[in-house]
Each structure stands twice: as structure tokens, then as C-alpha cells.
Amino acid sequence: MKRPDGRKIDETRELEAKVGIFSKADGSAMFRIGKTTAIAGVYGPTNMYPRWLEDPEKAVLKCYYDMYSFSVPERKRPGPDRRSIELSRVIKYALMPAIVLKEYPRSAIKVFVSITQADAGTRCACISAAAMALADAGIVMKDMVSSVAAGLVNGEPVVDLSKEEEDIEGTTDIPIAYMPRLQKITLLQLDGKINPKHFREAIKLGIEGCKKIYDVQKRALKEKYATDSIGIDGE
Ligand code: ADP
């Protein structure tokens with residue numbers, strides 16, 4: 001089957017990653033998959049406010065997802081909405097299993113992820129960017145988190161759905177996040193219908209896609225520490 005943009009069923013869109021793009025945050029990263037671009041900044045471990053919400057056993061992870069007004073064809077109203085609140089939670093729970101929160105009792109770790117350009121798969125791009133930014137901030141982690149959507153397009157399992165594919169009638173979207181070393185899935189959502197055989201095939205394609213993303217993330221992290229890199233804000 002030919003996909004609308006000519007990709008094979010197991011082919012992701014073009015991948016690009018960069019670590020340490022901002023100098024003011026403790027950690028930062030950019031992740032691009034095709035025309036979807038996410039940037040992430042991490043602060044922490046830092047004090048938890050209000051203090052009564054701190055956890056004496058472990059750090060509290062806070063995630064904020066945002067989509068720039070100019071990231072979509074029709075200007076998006078700025079500020080949080082129902083979707084961004086939901087995606088902030090989804091991203092938080094996809095990242096949490098990889099972070100050793102017990103290392104930082106009474107603290108907060110804050111993750112800010114923004115979409116500068118959206119063409120489907122924004123939650124996954126945010127997770128991949130945020131995991132690199134957390135590593136860049138020196139947060140103790142058990143593993144990286146790599147994320148991509150799989151799904152069913154025109155009756156066939158595929159990896160990394162574009163917006164054009166998402167909009168096809170009957171498409172099923174399955175965002176996946178994966179810890180590649182521990183071989184554990186940390187996010188699995190399903191929007192649409194799929195039979196068990198296609199579901200297994202889609203998950204397999206998704207995991208293979210996550211492994212490719214992991215290679216790109218690792219390379220970006222190594223690049224940052226191999227060179228004395230300068231952030232895009234010049235510091
Ligand atoms: P995800 O981005 O993780 O796939 P959704 O399924 O909610 O999450 O969104 C699918 C796609 O729809 C987005 O990636 C984006 O391209 C588009 N989209 C989402 N919100 C808007 C919006 N307010 N205006 C235009 N397009 C949007």
C-alpha cells in the first residue's frame with residue numbers, strides 16, 4: 001500500500017533532535033517528526049509550591065503542554081483549554097515511570113512542552129522532546145522515553161500517522177510511548193476501531209518506530225555533551 005506521502009508502512013517521517021537549545025532552563029530539547037515540532041524546557045529539582053503539596057517521599061512531576069497560536073492552519077486561541085489540560089496529564093504519566101522521583105523528596109520537577117508546528121502526533125513529539133530535556137537537566141532516570149503513534153490507515157497498520165492520514169475516514173490512532181532499555185510501554189491510547197491482529201501489528205510497528213526515535217535522541221544527547229554547544233538564544 002502507498003501512503004499519501006509515499007512512505008512505507010514502517011517508515012516514520014523525517015526525524016530531527018537537538019538538546020540544550022535554551023540556556024535559562026535547567027534542561028531543554030527540540031524534537032521534530034516531519035512537520036510536527038516540539039520544544040521542551042525543564043526546571044528542577046526545585047522547591048515545591050504550595051509547600052503543603054510537597055511529597056516527603058518523592059518529587060512531584062508537573063507537566064504543561066501548550067500549542068502555539070501559529071502552530072495550526074487556523075490561529076489557535078492562546079492559553080490552556082480542555083485538550084491541553086488532558087494532554088499535559090497524558091504526557092506526565094508517560095514520563096513518570098522513567099524518572100527516579102524518590103531521588104528528590106519534597107521537590108518539584110517542572111516540564112514545559114510547546115508545539116511550534118502541528119501535523120498530528122503532537123503528544124508523542126512532546127514526550128520525546130521532554131524526555132531529552134529531563135536528561136539534559138541531569139534528572140536521574142531509569143531509561144529514555146521515546147514516543148510515536150501507530151495506527152490503522154485504509155485498513156492497514158502503519159507507524160507515525162500524518163495529519164492527512166489522521167483525517168482519512170476510519171483511521172485508528174494509537175499513540176505509544178516506550179522505554180527502550182526496559183522494553184516497557186508507558187503510554188498506550190486508542191482512538192478508533194481495530195481488530196486484535198491489526199492491533200498487535202500496529203503495536204509492533206510503533207515499538208520499532210520508538211527504537212528509531214531512541215537512536216535519534218541518544219545521538220542528540222551525545223552531541224550536546226561532545227561539543228560546547230551554544231543555545232539558540234546565544235548563551
Ligand atoms: P495529537 O497531536 O497528539 O495527535 P490530537 O489527536 O488531539 O493529538 O490532534 C491531532 C492533530 O490535530 C494535531 O496534531 C494537530 O495537527 C491538529 N489539531 C489539534 N488541535 C487543533 C486546533 N485547535 N486547530 C487545528 N488543528 C488542530
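This is a predicted model: local features need pLDDT of at least 70, side-chain atom pairs count only at pLDDT 80 or more; totals for chains, interfaces and linings use all residues.
Helices (H or I, at least four residues) and strands (E, at least two) are DSSP runs, numbered from the N terminus. The surrounding residues, each with a heavy atom within 4 Å, include Met67, Val72, Arg83, Asp119, Thr122, Lys163 and Glu166. By class, the shell holds 4 nonpolar, 2 polar and 5 charged residues; Asp, Glu, Lys and Arg count as charged, Ala, Val, Leu, Ile, Met, Phe, Trp, Tyr, Cys and Pro as nonpolar, and the others, Gly among them, as polar.

| Residue | Protein atom | Distance to a ligand oxygen |
|---|---|---|
| Arg83 | side-chain N or O | 2.7 Å |
| Ala120 | backbone N or O | 2.9 Å |
| Gly121 | polar backbone atom | 3.0 Å |

On its own, the ligand has 540 Å² of accessible area, and the protein covers 74% of this; the areas come from the Shrake-Rupley method with a 1.4 Å probe.

Now to the aromatic rings. Rings of Phe, Tyr and Trp (its six-membered ring) pair if their centres lie within 6.5 Å, and planes under 30 degrees apart count as stacked, over 60 as edge-to-face and the rest as tilted. The count comes to 3 aromatic pairs. Tyr64 and Phe112 are stacked, because their ring centres are 4.8 Å apart and their planes stand at 10°. This pair links distant parts of the chain, 48 residues apart: Tyr64 belongs to strand β4 (residues 60-67) and Phe112 to strand β5 (residues 107-117).

The backbone has some points to look at too. Gly44 and Pro45 are joined by a cis peptide bond with omega near -5°, and Pro45 is in strand β3 (residues 36-47). The bond between Tyr49 and Pro50 is cis, with omega about -5°; Pro50 lies in the loop between β3 and β4. Asn154 is not a glycine, yet has a positive phi of about 50°.

Residues are numbered from 1 along each chain as its sequence is written, and side-chain values use heavy atoms, leaving out hydrogens and water. Local features need pLDDT of at least 70 and side-chain atom pairs count only at pLDDT 80 or more, while totals for chains, interfaces and linings use all residues.

Terms used:
A polar contact is a pair of N or O atoms within 3.5 Å; within protein, one must be able to donate a hydrogen and the other to accept it, and residues adjacent in sequence count only if both atoms are side-chain atoms.
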